[in-house]
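Hi,

Here is the structure I promised to pass on to you. Have a look at it first, and then read on for what turned up.

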Amino acid sequence: MLGLGSLELKEVARACGQPAYRGGQVARWLFERSELDLDRMSDLPRAFREQIAAAGYVPGELTFVTDRQTPDGTRKFLLASPRGGTLEAVLMPHWTDAEAVHTDLEGIRPERVTACISTQIGCAVGCAFCATGLSGFHRNVAAGEMIEQVVRMQGQSGYRISNVVFMGMGEPLLNYNDTLKAVRILNAEVGIGMRHLTISTAGIIPGIDRLADERLQLTLAVSLHTADDSLRDTLVPINRRYPLADLKAAMKQYVARTSRRITIECVLLSGVNDSPAQARELVRYLEGLNAHVNLIPYNATDAQFEPSRPAAVEAFREVIERSGRAVSVRVERGRQIDAACGQLRRRMAAGGEAIRKEHDGAGS
Ligand code: SF4
């Protein structure tokens with residue numbers, strides 16, 4: 001049911017012979033109160049709840065498999081789906097007081113809370129440094145399953161999620177329709193501002209073009225990693241189909257149509273793409289494009305790469321900053337819990353770990 005907006009839920013109510021406003025009540029339980037148990041939707045007539053169930057509508061489908069947390073409050077969930085496979089979702093509270101990261105978080109409310117959700121189980125793009133890519137593609141995630149990752153993490157944590165990034169497992173623009181449906185429901189029903197929604201792509205040009213035509217105010221992040229075509233061919237194999245020059249043209253068109261600045265993501269890999277010369281090449285590539293650069297410390301998988309040394313990250317950042325372009329280094333979160341996409345799922349699939357913990361009361 002989480003893949004249905006208020007209007008569709010009102011149609012469900014009508015189809016059950018109920019007044020349309022009953023559908024609005026269901027929407028409030030689902031999206032505002034994160035309630036996924038029909039029996040607890042106490043202001044709905046029992047007959048209506050029974051009709052909903054008899055018609056085959058299920059408020060939520062996913063069940064928690066694991067929930068792991070680091071001292072900074074980052075939580076990584078693995079959720080099982082009856083449609084097949086497991087999804088990873090990460091919850092990241094951001095604290096106003098940096099010291100809270102190292103102290104007792106009890107009773108402290110985060111300034112904002114970001115959810116990172118999966119749009120596919122596995123991924124066909126096959127980036128060389130990505131655990132999900134190493135697992136191959138299994139299936140697309142439905143819009144309702146995307147919303148459910150957010151709603152379940154909200155219910156489980158007690159936090160109101162303020163930002164959502166479509167940056168977990170999978171390439172969102174290769175699951176375009178369901179991703180866009182989830183964007184619209186998160187915005188209109190869950191109440192997350194469009195500018196607080198981010199779609200992260202490896203550079204799927206037809207998807208970027210389509211998204212530009214929607215003229216939404218969401219944030220588009222492009223995982224570029226390097227401005228060298230031959231290197232990108234190996235790191236992000238989709239580059240062979242959508243090379244850098246074409247990608248830049250698509251990004252420029254996106255900015256022109258939406259008036260939104262693009263975020264350029266670069267995972268820095270030691271000795272691979274982190275030299276000052278490569279930073280200068282990136283600066284040249286981005287000339288004329290309204291974009292902010294976000295440098296990401298690599299979260300090691302079992303692939304053949306190593307994280308860049310802090311001095312190399314700083315030197316790379318300085319080159320970009322000196323060019324006058326906005327640049328940031330993403331604060332590293334959740335290394336202890338395999339918070340890079342696909343890591344937890346792969347470890348669990350490989351036989352689990354001693355720290356595996358079944359979630360109390362989860363999976364209603
Ligand atoms: S980094 Fe993203 S696009 Fe690349 S393989 Fe991993 S999930 Fe797919």
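Before anything else, one cut-off you'll want in mind: a residue is called buried when its relative accessible area is under 20%, and exposed when that area is over 50%. Also, please remember that this is a predicted model.

The search over the whole structure came up with 13 of them. Take R75 and D67: these two are joined by a salt bridge whose closest N and O atoms are 2.4 Å apart. D67 has a relative accessible area of 7%, so it is buried. R75 comes out at 13%, so it counts as buried too.

Another of the salt bridges links E35 with R40, with 3.3 Å between the closest N and O atoms. Are its two partners buried or exposed? E35 is buried, because its relative accessibility is 14%. R40, on the other hand, is exposed, with a relative accessible area of 53%. There is also a salt bridge between the side chains of R330 and E265, at 3.4 Å from N to O.

Now for the inside. In soluble globular proteins, nonpolar side chains tend to be buried together. Here, the largest nonpolar core is made up of 106 residues, and V164 and I264 have the most contacts inside it. Where does this core lie? Residues from domain 1 (6-54) and from domain 2 (63-349) both belong to it, so the core lies between the two domains.

If you skip its neighbours within four places in sequence, I264 touches V222, L224, M251, L286, A291, H292, V293 and N294.

Then there's the ligand. Nine residues surround it, and the closest are C123, C127, C130, G133 and G170. What classes of residue make up that shell? Six are nonpolar, three are polar and none is charged.

Cheers

Note on methods. Residues are numbered from 1 along each chain as its sequence is written. This is a predicted model: local features need pLDDT of at least 70, side-chain atom pairs count only at pLDDT 80 or more; totals for chains, interfaces and linings use all residues. Side-chain values use heavy atoms; hydrogens and water are left out. A nonpolar core is a set of buried Ala, Val, Leu, Ile, Met, Phe, Trp, Tyr and Cys residues joined through side-chain atoms within 4.5 Å. Buried means under 20% relative accessible area, exposed over 50%, partly exposed in between (1.4 Å probe, protein chains only). Domain bounds come from an automatic or database domain assignment. Contact means heavy atoms within 4.5 Å. A residue is near a molecule or strand if one of its heavy atoms lies within 4 Å of it. Ala, Val, Leu, Ile, Met, Phe, Trp, Tyr, Cys and Pro count as nonpolar, Asp, Glu, Lys and Arg as charged, and the others, Gly among them, as polar. A salt bridge is a side-chain nitrogen of Lys or Arg within 4 Å of a carboxyl oxygen of Asp or Glu.
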